[in-house]
Amino acid sequence: MRTGHPYWMVILLVLAVLALTIVIPNNVLISNNDQVGLALDWQEAQGVAQAAGVPTAELVQQLQPEGAGYMTVREDTLGRLKQTGRIQVLTGWELYQLTQMLSSEDAAEEEFRLQDTYVLTTNQELFNRLKERLQRRFPDQVRTLAWAADNTYALAVSVHRDQLTPVGIGISPSEVAAVRALGFEPVLVWLDGAKTLGELKLDLNDVAQLQPAALIPGPLPAAAGPEVGSRLAQLDIVQGVPEFDPPLGAAAVAAAGDYKTVRVYERPVHTIYQEYLLAVRDRNVRLVVLHLLWQVPAAQKGQSLVDANRTHLSRTAAALTAAGMKLGTLQSFPPRQANRAVVAAMLGLTPALFVYRQRWPWMLWVLVGAGTGLVALLVPPLILMWLRKGAALAIAGFLPARAMFQALSTAQRQTAAPVMRGLTALMGSAALTLLGGVVVQGLLGDIDFLLKLHVFSGIKVAYLITFALVLAVAYGEQWRGRRWWQEKQIAPVELLVTGLLGVAVWVLFNRSGNASIIPIPAWELKARSFLEAALFARPRTKEFLVGHPALMLAAAGWAEDKFYRPQLLVLAAVGQASLINTFVHLHTPVAISLVRSLLGLGGGALVGALLLGVGNFVARRGKRNA
């Protein structure tokens with residue numbers, strides 16, 4: 001690959017310097033926010049207390065000294081109300097049979113429609129909430145039954161009962177009052193994502209009266225996001241956003257609420273306490289919702305369920321403080337946006353990374369850059385965002401390949417020992433790739449990305465660009481010549497090796513992230529946990545075991561003039577593509593990404609040096625025995 005005059009590296013350095021004016025302040029505000037809230041679940045606490053055979057108040061009072069200061073109170077849905085026995089949901093035929101069993105004269109006068117669904121409760125306050133909400137959701141399809149026996153209140157709804165299960169009726173004020181009486185700050189959670197604007201107004205009125213510490217809104221209609229966000233801002237209430245699956249409308253709520261927003265970690269109950277540490281340190285989480293144990297773990301046999309949960313909470317709190325955080329009041333990040341002038345300057349310089357200046361008239365090169373920067377200054381924010389994402393994709397896709405070939409070209413001109421050539425190529429390529437990662441962080445350095453309300457969605461496309469470019473350049477170097485098309489180009493064994501390479505790369509990258517479609521062996525999970533515990537940040541396996549050693553082997557001359565050299569170069573590109581991908585996770589502080597990358601480089605250098613040493617030893621021994 002023609003790497004061109006090193007001027008492009010100067011451009012890259014200038015871009016990185018500009019990016020640092022965005023990246024450094026972002027990381028300062030992240031490090032300054034060292035408060036994390038620890039919450040329990042109110043409905044769950046009631047269930048666990050019942051399982052433990054103690055009053056709910058006794059359970060939570062035992063847990064509170066361990067650091068929990070918040071309690072989530074979830075919205076009542078008809079499905080959950082039925083599950084907990086607070087309402088009965090019957091078909092018309094089931095209700096008719098019930099009234100006949102009770103021999104109610106009033107009931108006999110009622111007209112029971114077999115196609116209707118009937119909701120019954122003995123709680124008048126709950127009945128009034130049900131009636132108000134269901135009438136808004138299903139206008140002209142709800143009627144009140146005059147029949148009542150033993151203080152039972154009934155509604156008839158002309159819809160199938162399966163449609164009623166997810167319907168939410170807001171937060172119970174009595175539950176919020178109970179949480180506050182126990183000394184916890186309530187965090188409200190909306191569960192119904194199909195509400196009308198009228199229902200949402202009722203919810204917002206409830207929020208205004210209840211004054212929670214935070215609200216996790218759940219999915220919202222597009223038109224409702226700005227109204228909910230502005231209302232939360234007026235009430236000075238924090239918005240919570242689940243970190244793994246931000247609901248529809250969360251970004252609009254955050255923007256309208258001036259980004260008074262925190263990321264929320266909530267997973268099913270588990271005792272992998274390293275996960276809590278990583279959530280707050282590596283992923284900007286500032287509210288952790290801890291789910292309680294429903295039974296005593298085998299390792300704590302002999303403890304009561306209350307004591308087991310106290311230990312569970314204590315270990316979680318210890319993991320959070322080990323991450324450098326303090327248990328305390330929820331604190332959102334300042335609503336910082338990247339400086340538009342700096343972003344425009346970066347966009348104006350970015351094209352210079354991908355063209356050969358010698359082929360362009362100097363004035364045309366300047367005009368393209370200046371024009372791109374001017375457009376970035378004038379276009380609406382939405383178009384600017386697409387320009388920024390496009391530039392980030394180009395850098396993430398093309399730069400790792402160009403950096404690697406630049407480093408290999410430099411290494412080939414050296415006469416040093418193979419290990420030194422390998423180390424020089426690895427460190428040189430990694431330095432350029434890391435600068436590219438900083439540039440991507442600067443291009444997308446808004447609060448939306450720090451909170452993962454917006455994401456860089458071109459990660460896999462960037463990988464594909466890198467690998468396709470490396471493979472094309474590698475074969476292009478083999479096919480040089482005026483009559484290259486008459487030569488035998490790709491043998492069957494090469495096709496087989498390329499196919500195996502494609503499978504290997506697909507496996508590597510589909511086993512990454514929080515959800516893998518390919519099962520990860522238990523031994524590897526244990527190895528990852530060990531690295532997480534032993535090192536400040538776990539380096540990526542694909543970097544220090546695959547990509548970086550392969551780059552060192554290629555720079556040392558392995559597979560030179562061999563048919564499988566292109567495949568070796570693609571494996572080498574795995575390390576560089578993964579390296580810049582680390583920085584594309586914009587919700588991770590750049591300091592954490594940098595440490596993870598440096599540890600991967602150190603590990604990869606050791607593995608590569610070991611392979612080169614063993615290879616040279618075997619080669620020398622083979623010559624002696626020849």
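What you're looking at is a predicted model, where local features need pLDDT of at least 70, side-chain atom pairs count only at pLDDT 80 or more, and totals for chains, interfaces and linings use all residues. Residues are numbered from 1 along each chain as its sequence is written, and side-chain values use heavy atoms, with hydrogens and water left out.

Let's start with a sheet. A quick word on names: helices (H or I, at least four residues) and strands (E, at least two) are DSSP runs, numbered from the N terminus. Two strands pair if DSSP finds at least two bridges between them. Strands of a sheet pair through backbone hydrogen bonds, either parallel or antiparallel. Here you can find an open sheet of 4 strands in the order β3-β4-β6-β5, with antiparallel pairing. Which strands sit at the edges? They are β3 (88-91) and β5, each of which pairs on one side only. On average, and ignoring direction, neighbouring strands of this sheet are turned by 25° against each other. For angles like this, axes are lines fitted to C-alpha atoms (for helices, over the stretch in contact), and angles run from 0 to 180 degrees between N-to-C directions.

Now go across the sheet strand by strand. β3 and β4 pair antiparallel over 4 bridges, and Gln-88 has Leu-120 in β4 as its bridge partner. Next, β4 (residues 117-121) is joined to β6 by 5 bridges, again antiparallel. Here Thr-117 stands opposite Val-157 in β6. On the way to β5 there are 3 bridges between β5 and β6, also antiparallel, and Val-142 stands opposite Val-157 in β6. Strand β6 (residues 153-157) is mostly covered, with 4 of its 5 residues buried. "Buried" means under 20% relative accessible area, "exposed" means over 50%, and "partly exposed" is in between (1.4 Å probe, protein chains only). Helix α7 lies across β4, β5 and β6, running at about 15° to β6.

Asp-140 lies in the loop between α7 (124-137) and β5 (142-144). Asp-140 has a positive phi of about 65° although it is not a glycine. Is Asp-140 buried or exposed? At 85% relative accessibility, Asp-140 counts as exposed. Asn-284 also has a positive phi, of about 60°, without being a glycine. You'll find Asn-284 in the loop between α13 (273-282) and β11 (285-289). Asn-284, though, is buried, with a relative accessible area of 0%.

Next come the rings. Rings of Phe, Tyr and Trp (its six-membered ring) pair if their centres lie within 6.5 Å; planes under 30 degrees apart count as stacked, over 60 as edge-to-face and the rest as tilted. The structure holds 6 aromatic pairs. One of them is Phe-244 with Tyr-265, an edge-to-face pair at 6.1 Å centre to centre, with 65° between the planes. This pair links distant parts of the chain, 21 residues apart: Phe-244 is in the loop between β9 (238-242) and α12 (250-256), and Tyr-265 is in strand β10 (residues 261-265). Phe-244 counts as partly exposed at 27% relative accessibility, while Tyr-265 is buried at 1%. Tyr-273 and Tyr-276 have ring centres 6.1 Å apart and planes at 35°, so this pair is tilted. These two tyrosines are 3 residues apart in helix α13, which means they are separated by about one helical turn. Tyr-273 is buried at 15%, and Tyr-276 is buried at 2%. Put together, Phe-244, Tyr-265, Tyr-273 and Tyr-276 form one aromatic cluster.

Our last stop is a glycine in a helix. Gly-600 is in helix α25 (residues 590-625), and Gly-600 is buried, with a relative accessible area of 0%. Which residues does Gly-600 contact, leaving aside its neighbours within four places in sequence? They are Pro-539, Glu-543, Phe-544 and His-548, where contact means heavy atoms within 4.5 Å. The C-alpha atoms of Gly-600 and Leu-545 are separated by 8.8 Å, although these residues are 55 apart along the chain.
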